[in-house]
Amino acid sequence: MTISTSLPISENEFQAIKARYQAAGQDHLFTFFEELGPTEQQSLYQQLLEFDVERINQIYHKAIEGAAKQEECNVEPLSEQVFDSVLTASPQSLKTWETLGLTMIAQGKVAVILMAGGQGTRLGSSDPKGCYDINLPSKKSLFQLQAERILRLQTLARQYKKPTDPAESIIPWYIMTSGPTHQPTVDYFKKHNFFGLKEENIYFFEQGTLPCLTMDGKIILESKSKVAIAPDGNGGIYAAVQNKGVIADLKKRGILYSHCYCVDNCLAKVADPVFIGYCVSKQTDCGVKVVGKAAPEEPVGVVCRRNGNYGVVEYSEISKEVSERRKADGSLAFGAANIANHFFSTEFLERVPTFASQLEYHIAKKKIKYVDLQTGEVVAPTSNSGMKLECFVFDVFPYAKSLSVLEVDRKEEFSPLKNAPGSGADCPETSRRDIIAQHARFIINAGGHINGDLNDPLVQFELSPWVSYGGEGLQDIVQNKTITLPAIIETKQDLIRLAL
């Protein structure tokens, strides 16, 4: 086989990589190499150089073995030792956890890791999901709402250390993107001046990818010069934080704990001090935030013990009888709904490579465009032609030395954006409704009143997270006063002006 003389690689280098792929049974990827021009040859060579082909084969065989086992899923509810709920915890416990969390933030020991690789495809947008406008009166995107929560928390935490301490209370924000969303995300933040945060405290990094495979484990060529690839699932965050310098940056900054969550939840309490403090108080290395299942038949994964280890069991994996089982207090025995919201110690994130080879990837069968190796023609299949391999965030739970689960109030903390406008559930309209309803509760719980129809789908009311993260700091201003709609409160000055 000949390579173009204009390529910046030697014949020996080329033969070495070809031999590796041959030994791995993947040398079909060189089928069209001689036909390609120098640029295409270089592009394919570079792609193949970056793959760990032996690891890809290992992942495939482990995934196939796992799928073939189809072992019975023996599930047990979470024990009281690892589970607590903000709904039943004493006010004293909540205040203790919050104080500890804010103290950790004040000391610069807490970071935020955001999983933001998704596009808004199902929402009718090709932009990164975090850029999506849920039609709030202010037109703020999900990214901006979350940035303002970080800004507010940094200000609150400053009072948890002495004024003579010159160090800033910084919450670094590590944002995991994907190939298609990386540059648009970076550009979006630059365009909006990082929403008031300092650029040096925001770290963008891409999640990894894996080649798509045929059902018998062969890497798929999507064109003569390009391998078909797909993101490696949200569990790819563990390899990405290792490979993209995130852990090194955490250690350089002295970060001990990270809060990790998904971009599509408009109610996400970013760097939640209560959750941070709870996990730190229990010396947790891997913490999970959950909400109570709305009903036994709600199709969500549940955090529990499966086959003796902590993990997540999908709705489809348990019987109707198990899903309906109740505890003595009447609550669902398997009611801890997973919302992809986690706490990690930096030590735990550092430890993941020691057991990464044992993690089982999950097979997602898909219609994947491919090149016919005989004819060279591109085929767009009408049925599943191959597989993508994914790892999930919760796949690491069995390896935690100390796992803790905290249940939170769904209406205060979970409103995912999954579906197209007008879907009626988990859509832009429900996100808008839920965040405005929360803002109204903040005012009412602080002793204020709101004059206007809050049930109007187009109600013009909003309270910036920059003014109040979780309802704090309002009582002195709004108690026994009335805010008349429309009211868009961006600053404390707006609040004072509108509370009459």
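Predicted model: local features only at pLDDT ≥ 70, side-chain atom pairs only at ≥ 80, totals over all residues.
Contact here means heavy atoms within 4.5 Å. Asn57 sits in helix α3, which covers residues 53-69. Once its neighbours within four places in sequence are set aside, Asn57 is in contact with Ala24, Gln26 and Gly217. Asn57 has a relative accessible area of 15%, and since buried means under 20%, Asn57 counts as buried.

Helix α3 turns up again in the second largest pocket, where α2 (38-50), α3, β6 (209-211), β9 (229-231) and α7 (237-243) each supply at least two residues of the lining. This pocket holds about 900 Å³ of space. Its lining runs to 37 residues, and those closest to the pocket centre are Arg55, Gly208, Thr209, Asp232 and Asn243. By residue class, the lining of the second largest pocket splits into 18 nonpolar, 12 polar and seven charged residues.

The structure has one cavity of 30 Å³ or more, and the volume of the largest cavity comes to about 40 Å³. Lining the largest cavity are Arg149, Gln438, His439, Phe442, Leu463, Ser464, Pro465, Ser468 and Tyr469. Helix α13 (residues 428-445) gives the most to this lining, with three residues.

Definitions and conventions:
Residues numbered from 1 in each chain as written. Heavy atoms only, no water. 1 Å grid on protein atoms, 1.4 Å probe; cavity = no way out; pocket = protein on both sides within 12 Å on 5 of 7 lines; lining within 4 Å. Points joined across faces, edges and corners; volume = space filled by probe spheres on them. Helix = DSSP H or I, 4+ residues; strand = E, 2+ residues; numbered from the N terminus. Buried < 20%, exposed > 50% of the residue type's maximum accessible area, 1.4 Å probe, protein only. Nonpolar A, V, L, I, M, F, W, Y, C, P; charged D, E, K, R; others polar.
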